[in-house]
Amino acid sequence: MWLYLAISLALFFLIRWYLERQTVENLREKYVFITGCDSGFGNQLARQLDLQGMRVLAGCFTQKGAEELERLASDRLKTFILDVTSTESVAAATEWVKGCVGNKGLWGLVNNAGIVLPAAPNEWLTKNDFVKVLDVNLLDLIDVTLHMLPLVKKAKGRVVNMASILGRLASYGGGYSPSKYGVEAFLIA
């Protein structure tokens, strides 16, 4: 039994070592679109990918957030004012991305935009409080994905949906945990 355990661990670390050594070729030619880049994870990811040389297309909710991000980044990073709750805004962002990427397609789509509030004991909330969070965190994520999917497929790219541990382990009331549970269940086939 100890032999099997030792072999399994050795195989695990060998596979991990191999996978960690893999690199993406032509990183500077790849385009990534990220939603929710005004602050937090989206802002940090946009700046980090920009530093690595990728062409980042950042969706920001506010003009102030877009200007601040552009100020901190290289000229490879471009911003677009995006309201994920508006299908018209998502469609306009899709057209803007098409113009930026040309025939290369979109190598990465990161659905990061989301909200937490209102969050309170469920009996204090209304149905509309749940709907607001579910719309932004789940249904609008699906809308963005469906709009951008042809561009992602063109580049044989990836879709990354930002979920949360609270999608598996709810710790407070409101729509956040159900929305993140739904994000985990949303599969791109």
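**View A. Helices H4 and H5 are roughly parallel to each other, therefore their angle falls under 35 degrees.** The model is predicted: local features need pLDDT of at least 70 and side-chain atom pairs pLDDT 80 or more, while totals for chains, interfaces and linings use all residues. Residues are numbered from 1 along each chain as its sequence is written, and side-chain values use heavy atoms, without hydrogens and water. The axes of H4 (residues 87-101) and H5 (residues 127-154) cross at roughly 20° and come within 10 Å. Helices are DSSP runs (H or I, at least four residues), numbered from the N terminus. Axes are lines fitted to C-alpha atoms over the stretch in contact, with angles from 0 to 180 degrees between N-to-C directions.

**View B. Residues in the contact of H4 with H5.** H4 contributes Thr87, Val90, Ala91, Ala93, Thr94, Val97, Lys98 and Val101, and H5 contributes Asp143, Val144, His147, Met148 and Leu151; contact means heavy atoms within 4.5 Å. By class, eight of these residues are nonpolar, three polar and two charged.

**View C. The largest cavity holds about 50 Å³ of space.** One cavity of 30 Å³ or more is found in the whole structure. On a 1 Å grid over the protein atoms alone, a cavity is a set of points where a 1.4 Å probe fits but cannot get out, and lining residues have an atom within 4 Å of a point. The volume is the space filled by probe spheres set on the points. The lining consists of Thr35, Val84, Asn111, Ala113, Val136, Asp140, Leu141 and Val144. H5 supplies the largest share, four residues. The lining has five nonpolar, two polar and one charged residues.

Key:
Helix = DSSP H or I, 4+ residues; strand = E, 2+ residues; numbered from the N terminus. Parallel < 35°, antiparallel > 145°, perpendicular 65-115°, else oblique. Nonpolar A, V, L, I, M, F, W, Y, C, P; charged D, E, K, R; others polar. 1 Å grid on protein atoms, 1.4 Å probe; cavity = no way out; pocket = protein on both sides within 12 Å on 5 of 7 lines; lining within 4 Å.
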